[in-house]
Amino acid sequence: MNYDERLQHVSVLGAAGKMGSGILLLTAVEMADLSLKPENKGKTFVLNAIDLSDEGLSGLMDYLRVQVLKIAEKKIVWLRQVYAENAALIENSDIIEQYILDTLRIVRPTTAMEVAYRSKLIFEAVSENKDLKVKILSQIDQNNPNKPWFFTNTSSVPIHIIENEAELEGRVLGFHFYNPPAVQRLVELIVTEKTLAETSQFALDYAKALKKVVVKSNDFAGFIGNGHFMRDALYGINKALELSAGRPFAEAVYLVNKVSQDYLVRPMGIFQLIDYVGVDVVQFIMKVMNPFLKDENLHSPLLDSMLEMGVKGGQHSSGAQKDGFLKYEKGAPVAVFDPETKSYIAVDSFKTAAEEWLGTMPAGFQPWRVAIKIADKDSHFSAWFSELKSLNSPAAKMAVEYGLNSDAIGRKLVADGVAFNENDVNTVMLTGFFHAYGPVNNFFA
Amino acid sequence: MRRKIYLVAGANTISMGTGRKEFNPKKERPGLESYIHEAGQAVLKQVPNPSAIDETVIGNFMASVFNKQGHLGGFAATIDPDLEFKPSLSVEGACASGGLAIVSGIRSVLAETADVVLAMGVEVQNTVKAIYGADFLAYAGWFQNRKKSHAYFFPGQFSDRAGVYYEKYGFDNARKGMGRWFKNAIENARLDPTAQEHHNTAADLEGMYHKMTPNGKNFVDHLNIFDCSKVSDGASGILIASEEGLKKLGIPKKDAVEIIGFAQFTRNITNDPPNPLELTTIRRTAAKALENAGISIEQIGTIETHDCFSIAGILSVEALGLAAPGEGAAYVAAGKTARDGVMPMNTTGGLIGWGHPTGATGVHQAVTIWQQLTANAGDAQIKLSPEKPYGLSINMGGDDVTVVAIVYKMCNE
């Protein structure tokens with residue numbers, strides 16, 4: 001079975017979810033492009049969009065239409081060639097409309113999982129629950145005569161466990177997109193000892209067709225991305241708890257978020273990132289990873305209690321940020337949750353105290369959105385972090401400690417054999433988390 | 001000409017689109033009506049007696065699709081109630097529509113059916129994404145050929161011309177001239193507050209230009225985006241008057257320029273250009289206009305030419321006889337068309353720098369020449385030699401299909 005044949009009948013499980021919808025979009029477009037190749041004329045391509053939610057599937061079709069339109073507009077030069085033989089399609093608008101039709105007609109939204117019994121390739125993007133994943137994949141595999149391949153989007157569950165428990169014998173691999181899949185260029189690729197060579201080759205070909213950057217990770221819970229992020233998040237949470245010994249909790253969270261964003265020059269502060277991913281998701285991933293870690297305890301009681309109080313973060317279906325540790329207005333944090341009073345405390349109410357602790361921003365500061373565009377980032381960050389090291393302010397000190405810890409996490413991922421090398425760790429953080437510099441560096445030592 | 005014809009009281013709106021700080025494609029923007037009103041009012045405010053206007057002509061290319069609006073003659077009275085129940089019409093000749101509005105006004109004054117005509121040009125194109133705008137602009141070509149043309153129709157047409165030019169006269173030689181053309185356009189636009197590139201602050205324009213190699217995968221084979229004029233919204237207006245008309249308006253001659261010759265030629269739209277290396281219609285129309293004016297190209301002090309693409313700028317230098325075929329690029333690269341050069345061209349930025357609200361461009365060109373010859377060009381003012389008191393404008397519709405050439409002369413009285 002060649003590449004095109006493998007992609008003739010595909011299912012996406014959890015297709016209406018945040019990750020699933022992106023995977024579905026990218027796959028639909030890739031399949032549509034294959035279906036338009038002259039040698040595939042007359043062949044039928046089917047992409048099942050499977051989800052439990054009828055409502056979600058309706059929304060998915062709206063999302064697809066809008067996104068495929070944008071994609072078509074961007075590749076109009078190529079599309080004019082593709083449809084050159086169709087005399088009825090003359091203007092760009094005719095061609096774009098036809099391409100949307102040709103893409104959407106491949107997609108079959110349904111709540112019935114049985115349609116996956118005929119697929120040759122199955123993407124799994126259901127919730128991050130090992131038992132659920134195993135149950136669904138094994139049910140499909142037992143009823144599917146094609147010996148299908150399974151690409152799971154898990155960000156934390158070891159692939160070999162899914163493979164063994166669902167009895168998939170070399171036909172599963174981890175294909176971990178970053179959120180949102182349609183935008184983020186990074187894919188973590190995880191194979192087991194048994195994964196078939198042709199399956200992983202196909203995965204590379206497919207990633208290349210989608211113009212993704214592939215980083216191979218070893219099959220260890222959390223892989224590289226969450227391996228770094230979860231530890232980094234736990235570090236930030238504990239820093240805030242430490243700091244809250246001498247000041248209100250809300251203020252401490254605000255300060256750590258501020259230092260991790262501005263002083264460390266990241267796109268978001270650590271608490272905003274936790275909210276973005278979802279407090280519940282972070283807690284869940286830690287829970288999945290923790291049993292596999294020998295010498296550390298990846299667990300935060302604070303996350304547990306936040307969730308008990310209903311503080312979840314995550315995103316609305318519109319993509320807007322839900323309130324979590326922080327409360328957002330037009331995407332910007334304006335208040336911080338206080339577990340004691342179970343309410344949000346306005347940033348304005350403690351801004352003066354916070355600014356006193358922070359002091360004036362060191363002279364060499366450039367925000368992330370500016371720094372990311374600097375051509376010689378190495379000398380910029382070298383100068384910036386040297387400046388921080390020379391300062392005595394608590395904020396500068398915290399930033400340097402934070403940076404050192406992030407560096408140590410990166411090196412440990414390599415030492416533990418999760419990542420193949422330091423460069424892979426940096427690529428994941430640069431590409432998947434939009435950091436402006438890799439965590440493994442010499443800026444902080 | 002059987003009567004003396006004057007131009008006076010030119011005005012432009014801002015050429016709005018990417019590049020302007022205040023442009024936000026996601027926010028609602030002023031419509032066609034607003035542009036017509038603004039430019040028209042700005043003309044009327046310059047004359048003591050605007051009720052002397054006998055007639056209005058509005059040049060526009062594709063409001064019918066960009067704005068779902070036809071019948072633009074009906075908007076004259078929205079400029080001023082005095083224009084109601086007087087003649088008003090719209091004219092169309094693709095990107096030469098503005099030039100046709102002026103020609104139409106000239107003819108009316110020559111025919112003595114009017115003493116003062118308000119010539120307007122308007123286009124509001126940022127209503128759709130460029131990729132759909134390309135469909136609309138392609139109506140300036142023969143639609144029977146649309147299927148086999150490029151997604152970006154006009155860039156495709158002029159990319160083909162550029163490709164042939166590269167092959168015959170050398171890629172580096174051509175790009176050098178085209179890069180300089182781009183630099184001149186932006187630098188001139190910075191001097192005109194209504195120009196689309198007025199806010200452009202890029203330091204090394206030619207460096208930026210040469211860094212971007214044309215890439216046919218995403219755009220066209222032989223041009224990059226700096227070779228192209230942008231998508232613009234804008235309007236321009238100017239008055240065309242007889243001597244009697246100037247008096248009625250209450251305007252002294254010194255505030256006007258005289259039109260001493262013009263020509264308007266059109267080639268067969270169903271044919272390909274006879275020679276991709278030549279803007280044949282421009283060559284023939286300009287020669288005719290100069291012949292009618294009784295002067296030679298060397299006597300011209302400044303030229304506004306239709307640089308929808310930098311290669312069109314180079315080719316028009318050759319079509320006007322300023323440089324021999326194949327030598328236009330070197331002529332431009334040597335700085336001869338710069339504002340301090342021997343033949344200053346497009347002194348407020350031209351289509352690439354000032355902007356290209358398609359149907360308004362021909363009128364905008366006339367406004368720029370009027371500004372320069374009456375010392376009204378503000379920061380963009382160039383120094384004109386008294387021996388060369390003439391201006392020339394070349395307005396092109398389609399791929400060298402419809403061309404309007406007008407020769408202007410300073411009034412010293």
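This passage walks through how the two chains of a predicted model are built and where their parts touch.

The model is predicted, so a few ground rules apply: local features need pLDDT of at least 70, side-chain atom pairs count only at pLDDT 80 or more, and totals for chains, interfaces and linings use all residues. Residues are numbered from 1 along each chain as its sequence is written, while chains are lettered from A and ligands numbered from 1 in the order in which they are written.

Chain A comes with 18 helices and eleven strands; helices (H or I, at least four residues) and strands (E, at least two) are DSSP runs, numbered from the N terminus. Its radius of gyration is 23 Å, close to the 22 Å that the globule rule gives for 445 residues, so chain A is as compact as a globular protein of that length. Here the radius is taken over C-alpha atoms, and the globule rule is 2.2 Å times the number of residues to the power 0.38. Along the principal axes, the C-alpha atoms of chain A fill a box of roughly 70 × 50 × 40 Å. Of the 445 residues in chain A, 46% are buried, where buried means that 20 or more other C-beta atoms lie within 10 Å of a residue's own, with C-beta atoms placed from the backbone.

S6(A) pairs with strand S5 (residues 149–152) of chain A in the parallel sense, over three bridges; a pair needs at least two bridges found by DSSP. Opposite Gly174(A) in S6(A) stands Thr152(A).

Chain A splits into domain 1 (3–216) and domain 2 (225–432), with bounds that come from an automatic or database domain assignment. The C-alpha centres of these two domains of chain A lie 33 Å apart. Across the boundary, 16 residues of domain 1 of chain A are in contact with 16 residues of domain 2 of chain A, contact meaning C-beta atoms, placed from the backbone, within 7 Å. On the domain 1 side, strand S7 (186–190) and strand S8 (213–216) of chain A each give two or more residues, and S8(A) gives the most, with three residues.

Chain B also has two domains, but each is made of two stretches: domain 1 (5–129 + 231–255) and domain 2 (141–230 + 260–410). Their C-alpha centres are 22 Å apart, and 42 residues of domain 1 of chain B are in contact with 36 residues of domain 2 of chain B. Helix H4 (97–110) of chain B is one of the elements supplying at least two residues to the domain 1 side; H4(B) provides the largest share, eight residues.

Now for the inside. The largest nonpolar core has 262 residues, and those with the most contacts inside it are Leu7(B), Met120(B) and Leu239(B). Such a core is a set of buried Ala, Val, Leu, Ile, Met, Phe, Trp, Tyr and Cys residues joined through C-beta atoms within 7 Å. Leaving aside neighbours within four places in sequence, Leu7(B) is in contact with residues including Leu239(B), Ala256(B), Trp370(B) and Tyr408(B).

Finally, the two chains meet through ten residues from chain B and nine residues from chain A.

How values were computed. A residue is buried if 20 or more other C-beta atoms lie within 10 Å of its own, exposed if 12 or fewer, and partly exposed in between; C-beta atoms are placed from the backbone.
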